[in-house]
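Work through the exercises below with the model open. Try each task before reading its solution.

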Amino acid sequence: MNGLSNDQALRQQLVEMLEGGQAHLRFEEVVRDWPEPTRGLKPPGAAHTPWQVLEHIRIALSDILEFSRNPHHVSPKWPDGYWPSELAPADAQAWARSIAQIRLDLDAMKALVEDPESDLFAPFPWGEGQALLREAILAADHNAYHLGEMMTLRRTLTQSSEPL
């Protein structure tokens, strides 16, 4: 890849995965101009509202990031700690705060991956053999899955099949 070492190329690919794009939706594309009245609605057959999925992305990404950099981090209890019980955000500011925190955590995860001092392959001294490589892929994969879910919710709730 343009004269990059294998290590640099892998780090670049991981960052690109975390940012989305290529074969996946980008976070910004999904949340941009989300219709406020639909944020707490659950269409028939859906398991969650857009707010619940957004918050789930935030909570899970924060957990993955903190696990990757903090040996004393305690993960939320599964599954209740990863899903909000509220169907809708308290207000527009709650929606905006969740989005802002996801952006911050994505940037922090990308910085961790880009840091040449971060060993992508060495298992963390804590955990059960997880390494930064696995956690970065997990974060990217988890985000991609739920961003697709959010896009489906948006299209269903707005009755639109138009791309954003």
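Predicted model: local features only at pLDDT ≥ 70, side-chain atom pairs only at ≥ 80, totals over all residues.

**Exercise 1.** Is Ala46 buried or exposed, or in between?

Solution. Find Ala46 in the loop between α2 and α3. Its relative accessible area is 24%. Buried means under 20%, exposed over 50%, and partly exposed in between (1.4 Å probe, protein chains only). Ala46 is therefore partly exposed.

Residues are numbered from 1 along each chain as its sequence is written, and side-chain values use heavy atoms, leaving out hydrogens and water.

**Exercise 2.** Check the length of α4.

Solution. Helices are DSSP runs (H or I, at least four residues), numbered from the N terminus. The expected span is 1.5 Å times one less than the number of residues. The 23 residues of α4 should therefore span 33 Å. The end C-alpha atoms are 33 Å apart, which agrees.

**Exercise 3.** Describe how α4 packs with α5.

Solution. Start with the axes, lines fitted to C-alpha atoms over the stretch in contact, with angles from 0 to 180 degrees between N-to-C directions. The axes of α4 (residues 92-114) and α5 (residues 132-158) come within 11 Å and cross at roughly 150°. The pair is therefore roughly antiparallel, a label for angles over 145 degrees. Next, list contacts (heavy atoms within 4.5 Å). Trp95, Leu106, Met109, Leu112 and Val113 in α4 meet Leu132, Glu135, Ala136, Asn143 and Met150 in α5.

Methods: Helix = DSSP H or I, 4+ residues; strand = E, 2+ residues; numbered from the N terminus. Parallel < 35°, antiparallel > 145°, perpendicular 65-115°, else oblique.
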